[in-house]
Amino acid sequence: VTRTVRIYKPAKNAMQSGTAGIKRWKIEFDNQQRWENNLMGWASSADPVSNILLDFANKEDAVAFAERHGWEYVLEDPKERLPKAKSYALNFAWNKRTRKSTK
């Protein structure tokens, strides 16, 4: 039985401006069968590694780790976005087309 893992680089949290933790690669195991616990309503699973998240410094280390353990992997490359150049002075621009509305 081979495991399928997902190798990805997490996206930046939209609620915070910091970039901590988004430069590292993660390995996440696929979810096996889950069911709802009748007593508490929690999601239960008989698979102990479904909740494990492995952390790597670069993509090559993560791929090598998955291959060394014989796991099939799905590699998801991140969508890199260029930051828009913004000027604080544009908030107070006289031109209505370039001024950002606060309403």
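1. Partly exposed denotes a relative accessible area between the buried limit of under 20% and the exposed limit of over 50%. The model under discussion is predicted. With 34% relative accessible area, E76 falls in this intermediate class, and R6, at 27%, is likewise partly exposed.

2. E76 and R6 are salt-bridge partners, their closest N and O atoms lying 3.0 Å apart. Because E76 belongs to strand β6 (residues 72-76) and R6 to strand β1 (residues 4-8), the pair ties together parts that are 70 residues apart in sequence.

3. A salt bridge also joins the side chains of R24 and D55, with an N to O distance of 2.7 Å. R24 is situated in the loop between β1 and β2 (25-29), whereas D55 is in strand β5 (residues 53-56), so this contact links parts 31 residues apart in sequence. Both partners are partly exposed: the relative accessible area is 35% for R24 and 37% for D55.

4. The side chains of D77 and K59 form a further salt bridge, at 3.3 Å from N to O. Since D77 is in the segment after β6 and K59 in helix α1 (residues 59-68), the pair ties together parts that are 18 residues apart in sequence. K59 is partly exposed, with a relative accessible area of 26%.

5. How many salt bridges does the count give? The count comes to 7, including the pairs E76 with R6, R24 with D55 and D77 with K59.

Technical notes
Residues are numbered from 1 along each chain as its sequence is written. This is a predicted model: local features need pLDDT of at least 70, side-chain atom pairs count only at pLDDT 80 or more; totals for chains, interfaces and linings use all residues. Side-chain values use heavy atoms; hydrogens and water are left out. A salt bridge is a side-chain nitrogen of Lys or Arg within 4 Å of a carboxyl oxygen of Asp or Glu. Helices (H or I, at least four residues) and strands (E, at least two) are DSSP runs, numbered from the N terminus. Buried means under 20% relative accessible area, exposed over 50%, partly exposed in between (1.4 Å probe, protein chains only).
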